[in-house]
Amino acid sequence: MDDHTRSFIEQATLLFIASRNGEGAMDVSPRGGQPSVVRLRADGCVLLPDYIGNKRLDTIGNILSNPDVALLLINRNSETYLRIAAYASVSQADEDIAAFPADENRALSVMVLKPGRMEFVASEAFRKSGFWVGPSGRKPPLDALDIYFSDKQWQAERGRNPVLYDAAAETRLADTGIRAFYGTPSPIVQTKVYDLPSPGFMGFINDARFVVFAHEGEDGEILIELAGHAPLRLDPATNQPSFLLEIDREVADRADIPHSAQCALLAAEPGRCDALRLNGTYREVAGEGEERRRLSVQPQEIYFHCSAAFTRSRIWSDSRAPAWAGLRSFTCVDRRQESPDVVSFLLKPRDDAPVGNAAPGQFITVSLPGHKRLGSQRRCYSISGMPDKHTLRISVRRVGNDGISAVLHDGIAVGDELRLGAPAGHFVFDSDPHRPVVLVSAGVGITPLLPMAEHLAREGGSRDVLFIHAARSGRHHLFVGEAQQMVAANPAIRLLTIYSRPEAGDSCHHEGRLDAGVIARHVSIPDADFYICGPDSFMSSLEQGLIALGAAPGSLRTEVFEAKGGRSAAGTIDALVAYAPCNVEFAKSSKRVTWRPESGFLLDLALANGVEIQYSCRSGECQSCAQRIVSGRTSYPTCDEEPVVARGQVLMCQAIPRNDIILDC
């Protein structure tokens, strides 16, 4: 495996896997994940995790019968895909599962894929289908349950029964203990597959122009390719319902493509996370010329598929990929007293997966699972240094004697467990390479600026950087040594120290309060970008002063840790007026209320009715307000994309109910 192939695999957040059972019936399933859908093992095997889902276990059941599979891996905005033929096995070994973050979406098993033939394929399917849509092209999820119940009634009226799961594969799942481990799928999942297309399926088919098509070669190898020229349409030349598929000859150099064989396909509408699944047989009919084949596909299994794969992949997103989902277990491996009221904690994941990327300035959300009183509470703390592969650091100022910060100071020792949300937040370094940068902090507000300064120190070059820190005195001046190391690494960084109440022996550049006038003596205000973090009054006064001295409002970035206000903005309420009232039950609080558009988000509804819920940012970043859904469905009407949260949870500050729901809070 060369470096280009390895890099492509490690950057893929979406793939499709084709498999077949002992009788040759085929299946294509999507998989998505962050920051990559797979991991590469030291021996060259590709590890593909399997998470809790609908428990149907199509791919795993097939692998137990026939280990030969085919993979199609996609990189965002690339018109080339990677096709891999592999030998697959199912592992529940701790060392394989530990290759993925042990968060609230912990992998239940891992498919170990030993690659055989690998090849890159340049495909017109992406362009022809319009697959690469941006966030504005994302479409809301369809009401899958409504489609299921309507189609089930339509099939029943015609005397048709569902196609049940492969009995032989089910036996193998039971014999290996995998079925007992995963559990039995719901009646809906067990009875959603038919061999005749229903109105719900047909209502979606014209927009599902992106098709992943798998079939057998003459030598028995599974071939997988893409089509995007035209959507599936009914074949008028057949007595039984069949579909015409036009496909470019992406494997035209292969001499072993049969004119008829078992096949499977998945059809998706660009921007939508739902898909159509069809398993059956095909025969080649009169073609469209040398460049394209025309196939008539007769379904043996056909169904509408609501998958989390596209959501997890964030393939149509411009946002940063999260390093993990939900809360992930970390161990405190070191702690250090930075000042009388600030302690740093060095944290290492309890799994073997890397920490993952964090943009300079982001924060993580902390909870304490072993603490009875505060175990459900969460607080946000900035990452106070660029994470390495295995650790990250937070630095916490003590606030009072009975909150999370006090427990961290008094009760967290080396070896103790904490649970962390993925790095998040929009206060990140993002400046043009030629603009001067001013980092301004007061007190513990230095923590998100340290990774920015470290990034700039590594950047090198001649960009002018002014790193200003305001503290009470030298005794309260945080990270002096680290700041000096950054200057040594990049002399373009200048330090400016401000002490409001210096003590005997203290040395600083300016005594008293920091204001915009002091900064103007050291940098041209209109030409610089400013990153400011500290107390609210400190940031507010600096913003006003800098704008008065010529700073463009867009050049000022500030970090605010605490939420402002308790209600949704009027503009948000306006966005909810189209939604119907629903009943909301807060199970643990024994309260049942009615949600209406004027209620705002579910968090607003809960707080207005005395339901205690932890929250912080209110912007959907920190995930402090995530709660488990017992039953019902929710929507995120003001989000450009659905937030990535643990399965079965809802982000209360951004969600509203789509029907009657029960929440576990």
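Contact here means heavy atoms within 4.5 Å. In this predicted model, residues 24 or more positions apart account for 72% of the contacts in the chain with a separation of 6 or more.

Q: Why is the radius of gyration of the chain said to agree with a compact globule?
A: For 665 residues, a compact globule would have a value near 26 Å, and the chain has 28 Å, which agrees. The C-alpha trace spans about 95 × 60 × 50 Å along its principal axes.

Q: Why is the aromatic pair of phenylalanine 126 and phenylalanine 210 called tilted?
A: The planes of phenylalanine 126 and phenylalanine 210 are 35° apart. Under 30 degrees would count as stacked and over 60 as edge-to-face, so the pair falls among the rest, tilted. The centres are 5.9 Å apart, and the limit for a pair is 6.5 Å.

Q: What makes this pair a tie between parts of the chain?
A: Phenylalanine 126 lies in helix H4 and phenylalanine 210 in strand S8, so the pair ties together parts that are 84 residues apart in sequence.

Q: Why does tryptophan 324 count as buried?
A: Buried means under 20% relative accessible area; tryptophan 324 has 4%, so tryptophan 324 counts as buried. Phenylalanine 330 is buried too, at 0%.

Q: What makes the charged end of arginine 56 sit over the ring of tyrosine 303?
A: The distance to the ring centre is 5.5 Å, and the rule asks for CZ of Arg within 6 Å of the centre and within 35 degrees of the ring normal.

Definitions and conventions: Residues are numbered from 1 along each chain as its sequence is written. This is a predicted model: local features need pLDDT of at least 70, side-chain atom pairs count only at pLDDT 80 or more; totals for chains, interfaces and linings use all residues. Side-chain values use heavy atoms; hydrogens and water are left out. Rings of Phe, Tyr and Trp (its six-membered ring) pair if their centres lie within 6.5 Å; planes under 30 degrees apart count as stacked, over 60 as edge-to-face and the rest as tilted. Helices (H or I, at least four residues) and strands (E, at least two) are DSSP runs, numbered from the N terminus. Buried means under 20% relative accessible area, exposed over 50%, partly exposed in between (1.4 Å probe, protein chains only). The radius of gyration is taken over C-alpha atoms; the globule rule is 2.2 Å times the number of residues to the power 0.38.
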